[in-house]
Amino acid sequence: MGPFYFFMTPNKFTAVIFLVFAIVVLGVWIPNDVETGLLEKMRRHWVIGDSLAPTLAAGFVLFGAALILLFEKRDEAQFTMAAAQFVFFLKLVIVILVALSVMRHLGPILINTYAAISGLELEYRLLRDVIGVKHIGFLIGGMIMIGGMIAVVEGRLSHRALVIGLIWSLVLILVYDLPFEDLLLPPNGDV
Amino acid sequence: MSVLDYIWLGILAVFQGPEAFSIFGLAISITVIMVISGFFLGILVGATPGLAGPVAMAISLPILISTFGYNTDALLPVLGFLIGVMKGATVGGAVPAILFNTPGTPDAFMTTLDGYPMAKRGEAKRALRIAHFSSVSGDTFSDLVLIIGAPFLAIMVERYLDLPEKTALLILSLSFISAVVGGSVGRGLISTGLGLLAVYVGTGEDFYPRLSVGTQTLAQGFPISTSVLGVLIIGAVFKELDDLRSDQRASRMKPITTSDTNSALTLAERIKLAPTIFRSAVIGTVVGALPGIGSTLAATLGYTAAKRRHDDAEGGKFGEGVPKGIAATEAANSAVSGANLMPVLSLGIPGNAAAVFLLLAMDSISGFNPSPTVFKFDPVNLNPELVMAFGIFTTMFLANALNWTVGGRVMRSMGFMIRIPKHILLPSVLLLTLTAIYVQETRIEALYFALGFGVLGYLMRVFGISPLPFVIAFILGAKLEETARQAYAATGNDPWFLFTHPIAAVFVALSVGVMILTSRKRGSV
Amino acid sequence: MFQWLKTGAAALGIVAATALGAAAEDWKPAGPVKLMIAFAAGGGADTQARLIAEELEATLGWSFIPEQVTGKGGLNLAAAMKSEANDGTVIGMAVTETLGYNMAASNSGMTPADFTPITTTAGFQMGVVARSDKGWNTMADVVAAAKSGQDIRFGVMSPRLADLAYLLGKAQGVDFNIISVKGGKAVMNGVNAGDMDIGFMAGIQAKGVAAGDLVNLASALKAPLVQTPDAPTFADLGVEFSADGYFMFMGPAGMPDDARAALANAIKGVVENTETKAGGLIKKAFGGASVIMGGDLDAMVASDYASAGDLLKAASE
């Protein structure tokens with residue numbers, strides 16, 4: 001049994017989490033973040049408001065959690081998540097987040113730096129059609145993502161992992177970007 | 001315009017469409033090329049442990065759309081390719097199951113039970129042949145049922161289903177999926193509820209994008225690609241990497257080579273397998289025609305039915321390498337795909353992940369709108385959608401023909417795919433998926449959404465909650481709300497429209513019934 | 001490699017060009033232009049936007065990057081565009097209703113002053129349409145059917161049109177069951193599938209009407225429809241409001257005059273030329289281009305926004 005389930009069966013733990021989630025959605029999120037109620041008077045008729053559908057959706061979650069609590073808490077299918085497993089998973093997610101932010105910001109940072117040094121008035125946004133410039137973030141970000149994930153599994157960072165990441169990013173550029181004028185690789189749609 | 005005219009036009013639309021190139025003056029249409037390439041890609045992907053047909057379909061969709069555009073001309077090449085992938089992957093999925101004891105696709109899990117023991121006995125190639133023969137037979141059977149059944153289903157839908165009934169049918173589909181696929185009714189409901197909640201963010205009728213917490217980021221809601229690919233593919237990538245960490249089976253086990261010499265299947269052997277295949281094909285077709293239940297359940301049912309009827313005295317016990325075990329599984333899971341298109345074409349309700357991507361393609365490309373009007377045999381004015389429908393059927397049979405002729409050989413040569421180390425393949429798939437999402441959505445937030453959904457998909461898998469109800473709910477959620485609003489308005493604001501229309505009431509009763517029955521059955525186990 | 005050198009050189013040239021502050025004829029975008037499209041990919045309006053961009057790329061050598069920003073009647077596009085660069089490298093196509101009724105009816109905090117309207121391309125040919133096999137020839141037949149007790153389902157694709165449908169019913173003394181769907185295509189599909197009896201269509205019906213499958217029962221405009229000039233207008237039917245509206249290109253507020261004029265003229269050149277794909281499409285669906293730009297457009301946007309309140313009020317009574 002993992003570290004999360006203090007005095008409960010894992011099923012009960014799952015159910016309680018979703019029960020709380022559903023109650024928060026129903027009691028806090030929907031009332032405060034939707035303009036119209038369940039039903040709304042419009043053009044002198046009652047029409048279905050924007051709250052109805054999310055309320056039913058959260059109702060399903062609530063009902064499902066209640067079913068587990070009442071009937072399925074001792075179900076034979078019990079699932080656990082050990083601490084080591086959680087740490088491994090967290091490492092993967094962090095690697096991906098780092099890679100995504102490199103992908104997003106590397107190009108603009110390089111151009112801004114170059115502009116500052118050279119005194120030229122350059123903006124990444126206006127150069128995002130230029131081969132090379134528009135690829136740098138994706139190439140390095142992709143390399144970090146793949147190389148990093150392989151490293152997490154293998155337990156060490158190898159040159160081989162980074163090279164695989166670089167090659168694969170290059171392949172994706174060749175597949176998605178070069179033949180298709182309208183397809184944009186990260187971050188060229190954001191800038 | 002007779003029925004035959006429509007069929008003929010559909011066939012012509014495939015073979016005489018825009019040509020790719022010509023050989024000795026014979027024009028080869030682009031659609032044909034696309035079906036062929038899709039089919040081979042499908043086998044390759046299916047044969048790769050950790051990849052499945054929907055992954056390839058999802059990733060190629062944006063490329064296909066930007067190559068062929070959104071015009072009606074794009075429809076057959078794009079759908080042809082996707083159908084090719086779908087069919088190829090179904091066959092290919094058996095390869096790692098038999099050679100490596102790892103199902104290439106989830107529905108091939110039952111294939112491992114008898115396929116791997118056969119391979120260990122030195123009959124790997126034979127097992128692959130059986131898998132191929134059964135798979136193709138089941139698939140073809142299902143396609144025939146689709147072509148004959150779809151127009152009738154459409155007529156029934158058109159005649160009996162008005163907006164209230166359509167609303168009730170969507171509810172029935174969702175409750176069916178929650179109850180049958182979810183692992184347990186409670187878990188299925190949670191999965192469905194989360195999927196609905198996710199799709200309701202940012203959408204709605206009001207000018208204020210609901211549940212967007214006042215942010216611009218959430219105002220446009222979660223793009224369909226982020227939630228579907230996130231939960232299905234990225235979630236699976238995390239789970240597979242996790243499995244890789246926890247069991248070192250992959251590194252220890254050596255794949256079995258396909259070296260057995262006398263592997264041919266005689267006619268007598270094929271005939272002996274025929275009843276098993278037929279039974280499974282019927283099971284798979286029926287399961288496929290019901291919205292929402294996938295091929296994994298069909299495979300389980302097919303296998304169980306064959307096991308129950310099997311006499312251990314002749315040919316050994318199930319699970320120890322019986323050809324019938326492979327045949328029962330492969331015929332059943334392959335028979336799902338054709339029949340699955342019945343609810344897709346006439347109602348726009350997808351039954352499994354592959355159908356989800358076919359539906360997405362139909363939605364993005366103009367000129368084909370899944371609804372009963374597709375099957376209106378208009379004798380005076382040409383109904384172009386019907387021609388397209390027959391075009392789609394033609395691509396299916398083209399893929400089947402490929403499958404019967406060269407599919408087996410290609411599939412048996414795919415043994416090498418299982419040598420690609422998963423811990424390199426999976427991160428590569430992740431980057432590929434994120435790239436495919438970005439080129440569709442062109443904003444970095446979409447990648448964060450996808451990652452978030454991936455985390456959700458992973459946690460759902462860990463806690464035994466099937467992600468499929470989530471995905472189907474996400475896809476049908478907007479439609480459910482819109483249809484309900486429309487039904488409510490159309491009935492002159494009758495709040496009880498689900499119960500005052502008899503067919504709708506029956507559907508609603510069935511929805512409740514399905515829930516109660518499945519939870520009872522599970523409770524007694 | 002060649003492309004790299006070319007675009008690289010062009011990019012460096014930009015610096016000089018912008019510094020000079022050239023006149024409208026000399027203006028060109030400082031880089032690729034982001035084209036936001038408020039309509040679902042693959043639909044008629046999306047196709048129009050993409051074809052215009054394609055034509056401009058071919059004739060002027062400008063580069064466009066189309067992007068879908070759909071939902072909320074163009075308000076999602078507006079919100080996304082508001083904070084973008086206003087030098088003409090970010091434009092979008094929506095409808096005049098976005099800056100008019102929709103912005104006025106929402107409490108999004110945005111006003112038309114946050115945007116620079118560039119030009120309209122085509123006016124809606126907004127008709128009330130039914131399937132011809134219903135046997136109705138004009139709005140009066142529908143009203144008669146409704147008065148004889150038949151429920152009439154009226155498909156609309158925006159809140160403003162729902163208001164107009166309601167007011168039409170009110171003026172004619174009947175009560176329509178108003179069904180709102182997303183996009184004109186959905187209305188047409190609904191009418192064709194029999195889920196709706198009549199519906200608003202803004203030009204998408206042209207082909208069906210020409211083939212005799214659909215019939216324009218009324219014009220929801222101030223003027224009669226080009227295709228069915230005999231159909232009564234909303235004014236004839238006792239409704240003092242109309243569904244007049246246009247497809248419109250716009251940009252963020254504060255766009256320099258030369259950029260605004262250059263973009264408007266370039267788009268005008270494409271849509272008014274029926275030889276171009278975009279122009280041909282507009283001719284077929286909307287009977288020809290309607291280009292309003294400059295001060296006229298500013299005035300129209302301002303008046304649409306100001307008068308939205310009257311319609312909202314009338315429809316709530």
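Strands β3 (residues 90-95) and β10 (residues 246-252) of chain C pair in the antiparallel sense over four bridges; two strands count as paired if DSSP finds at least two bridges between them. Helices (H or I, at least four residues) and strands (E, at least two) are DSSP runs, numbered from the N terminus. This is a predicted model, where local features need pLDDT of at least 70, side-chain atom pairs count only at pLDDT 80 or more, and totals for chains, interfaces and linings use all residues. Residues are numbered from 1 along each chain as its sequence is written, while chains are lettered from A and ligands numbered from 1 in the order in which they are written.

**The sheet with β3 and β10**
- Val95(C) sits opposite Phe247(C) in β10(C).
- Helix α9 (residues 257-271) of chain C packs on this sheet, touching β3, β4 and β10; contact means C-beta atoms, placed from the backbone, within 7 Å.
- The direction of α9 makes about 10° with that of β4(C); axes are lines fitted to C-alpha atoms, for helices over the stretch in contact, and angles run from 0 to 180 degrees between N-to-C directions.
- Five strands make up this open, mixed sheet, in the order β2-β1-β3-β10-β4 (chain C).
- β2 (64-68) and β4 (115-123) of chain C each have a single partner strand, so one side of each lacks a neighbour in the sheet.

**The sheet with β5 and β8**
- Another open sheet of five strands, also with mixed pairing, runs β7-β6-β8-β5-β9 (chain C).
- Its edges are β7 (177-180) and β9 (214-219) of chain C.
- β5 (residues 127-131) and β8 (residues 198-201) of chain C run antiparallel, joined by four bridges.
- Val128(C) has Phe200(C) as its bridge partner in β8(C).

Key: Contact = placed C-beta atoms within 7 Å.
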